[in-house]
Amino acid sequence: MRLRALSDVLPHDLSDRPGGHPGLTAESKFGIGQPVHRREDPMLVRGEGRYTDDVSVEGQVYAAFARSPYAHGVITGVDLDAARDMPGVLAVYGPDDLAGYGSFPNVTNFKNRDGSPMLKPDRRPLATDRVRYVGDPVAFVVAETNVQAREAAEAVAIEIDPLPAAVTARDAVAEGAPQLYDHIPGNVVLDFHFGDSDKVAQAMGKAAHITRLDLASHRLVINPLEPRTALGQWEPEGGKYTLTAGTQGVFGMRGMLAGVLGIPKEQLRVVTGQVGGSFGMKIAPFPEYVGVLHAARELGRPVKWTDQRSESFVADYHGRGIEVSAALALDAEGRFLALKIDGLADLGAFLTPVAPLFATINIPKNAIGTYRTAAISADIKCLLTNAVPVGAYRGAGRPEGNYVMERLIDLAAQETGRDPVALRRLNHIRPDEIPYATPAETTYDSGEFTAILDRAVAAADWDGFESRRAESRAGGKLRGRGIGQYLEVTAPPQNEMGGIRFESDGTVTIVTGTLDYGQGHWSTFAQVLATHLGVPFEKITLLQGDSDQLIAGGGTGGSKSVMASGAAIVEASQKVIGIGRVVAAELLEAGVADIEFRNGRFEIAGTDRGIGIMDLAAQLRAGVELPDGVPRSLDVKHVHELSPSAYPNGCHVAEVEIDPETGTIEVVRYTMVNDFGTVVNPMLVEGQLHGGVVQGIGQALLERTSYDESGQLVSGSFMDYALPRAGDAPDFVFESRPVPATTNPLGAKGCGEAGCAGALPSVMNAVVDALREVGIDRFDMPATPDRVWRAIRDARAAAAPQ
């Protein structure tokens, strides 16, 4: 892996920025901008990580769930007797046993186009009157062993009168469609509208050209490497539950789950160790978590449940699931006048915590991208279906928004005879127009979009493409190239803890409420602290996964962690410095105003007298005598309250080869140039982009969730659901061209979801470019071999002489 110089990722001296550290230099081995290795990796590769399923406690027993085999039906009976008589069974619970708990939360409050509030279904831990998707939990068993619990769960007899199922969004909105809930007419939870429809209509009316395109971001199974596991415990003395589970933030999980349990938050502790991936899914509380906590209290023993991979296909939440009809209006010179998006969103049988954020507002806010577009409107019906509930998945609507715009631009260039690069340049927001207020109610604070595009096409050898296409043609292959120039609106960082503790063993602990599930927070946050406090990098530890230790925590999601926790750490560091100046002034017998802090030392200005921050902390721990009113510790607990969203952006260029005889597609070249503002750790950022791009390639070319007409999941295992493998990933060319954000102390913009946003349009634009050689100019995801082969066959048949 090529590692860039510090100047490539940190273009400005941080001492010139608010919150910057004057001691930062290019030689700072562990400071901001350096490619520091992940602290946790040696432990993980030795097998010493502690994932939830690695946690076992004395007296632990096991839970297994009985689930609906039907997509829709009325429950007429649940017979638990046979399961109770099975060996090792301690308890069996049905819908009535958990009826006293509350509904699972949805934290959004969208309004319909008429101003009325969105409608929300009531979801309880176990299905009561009806089942609404295959996998809907109806009962669960607790036994001495995992095998005994699973065998007993299979003995639970669930009697269901099947009902017709609405499996897709189009099924759900059709006239006479099955109704999932009596209080939600037409299965529509939200008739979403955003933007200025009149202004868009006027622009469309005077347009010289309108490009129209139907697109889908199809439903995906999220498939993190680590299946979900939950361990529930009950402490009768303190009247407190403890849940150990993989999450994206223990503070938020505690709040949501306590609401379902109907208890004060203080009576629930949530603990998370290592997490083997999540991509948005593990942010939510699930029925299994309520089940293990209930049983733990009832039985007085710890209760553990671990998902099986086949079970996870229906027990976890799915991602994506939206289809749109989009239109882009251009004037005679090719300038964008308006963007119109109409869509249907498949939300599954229930609302996940942030649904339908990812299927509504995130799409138009991100579709504007890097372009001057005077008007936008989005009208999206959000529908309940008899399928697994849909939640946030890497990007959560941001990739979809960028996908719509970038696909439209390439088609518009084709239809109007323009060069796709030149058309993008013509419509770019210029640096001298920033700050730029968009019609999507966002304001860009930074960015050099044309420079990003120019560098990307140069690095991709855009001008040399025709010779490569000729080589592919000579080998019997079709070759295409595509651009995906994206801009993402990150989630706004808010209410994030930045605690700093100087421990008795000489280490320094960062306490923060984001949560690492593969990003590499330990090293990244340590680099921020080392830069701003001069604390030795190797002495820094990270605490994120214990809700009892936090006073706030927004969790990880929306590409905001380095901005949220980073800002909290910077602000907490400033508080530590303020405390340290007071203490150092006493120890050095000087005035507080005379104490300066630089490179980890408190010094009397104009002298060489001073004390290092670690020595100062050690003296405080040793009980050095100080006057009344002088702090006895450097420890701080701080909450960063709010920062605006940031706008990471970039340009990805993909080249693909298609074998027309088999329909197989290979991504043969991939170049990306990104602006993530100040890059704290370029090596970890590049790794995040590799992962995001491969997930985008998976969605574009391989992955497809298939249901039959009755709502049975046909692609219910890895035998039928294709994930990308190492051989599907090309060699990547990765470059950074950062323009620091002005809206947070680090100048960072977030990078965790950008790979998907760039990959979907660049790969699919390349696929369509290749297919144009055989007369196909419209083709959508997933570009699986069978679909591509059939499209080529049909195009050739249509072109053949009759």
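## Cavities

A cavity here is a set of points, on a 1 Å grid over the protein atoms alone, where a 1.4 Å probe fits but cannot get out, and its lining residues have an atom within 4 Å of a point. This is a predicted model, with local features needing pLDDT of at least 70 and side-chain atom pairs pLDDT 80 or more, while totals for chains, interfaces and linings use all residues. Residues are numbered from 1 along each chain, and side-chain values use heavy atoms, leaving out hydrogens and water.

Searching the whole structure turns up five cavities of 30 Å³ or more, a volume being the space filled by probe spheres set on the points.

The largest cavity comes in at about 60 Å³. Strands β8 (209–217) and β15 (322–330) and helix α11 (398–416) each give at least two residues to its lining, which includes L215, E323 and Y403.

Around it sit G280, M281, I283, A284, Y317, T352, P353, V354, G391 and A392. That makes seven nonpolar, three polar and no charged residues, with Gly counted as polar.

## Nonpolar cores

A nonpolar core is a set of buried (under 20% relative accessible area, 1.4 Å probe, protein chains only) Ala, Val, Leu, Ile, Met, Phe, Trp, Tyr and Cys residues joined through side-chain atoms within 4.5 Å. In the largest one, with 165 residues, V767 and L771 touch the most other members. Helix α19 (residues 754–771) supplies this core's largest share, eleven residues. Apart from it lies another core of 44 residues, M563 and L634 among them.

Notes. On a 1 Å grid over the protein atoms alone, a cavity is a set of points where a 1.4 Å probe fits but cannot get out, and a pocket is an open set with protein on both sides within 12 Å along at least five of seven lines; lining residues have an atom within 4 Å of a point. Helices (H or I, at least four residues) and strands (E, at least two) are DSSP runs, numbered from the N terminus. Buried means under 20% relative accessible area, exposed over 50%, partly exposed in between (1.4 Å probe, protein chains only).
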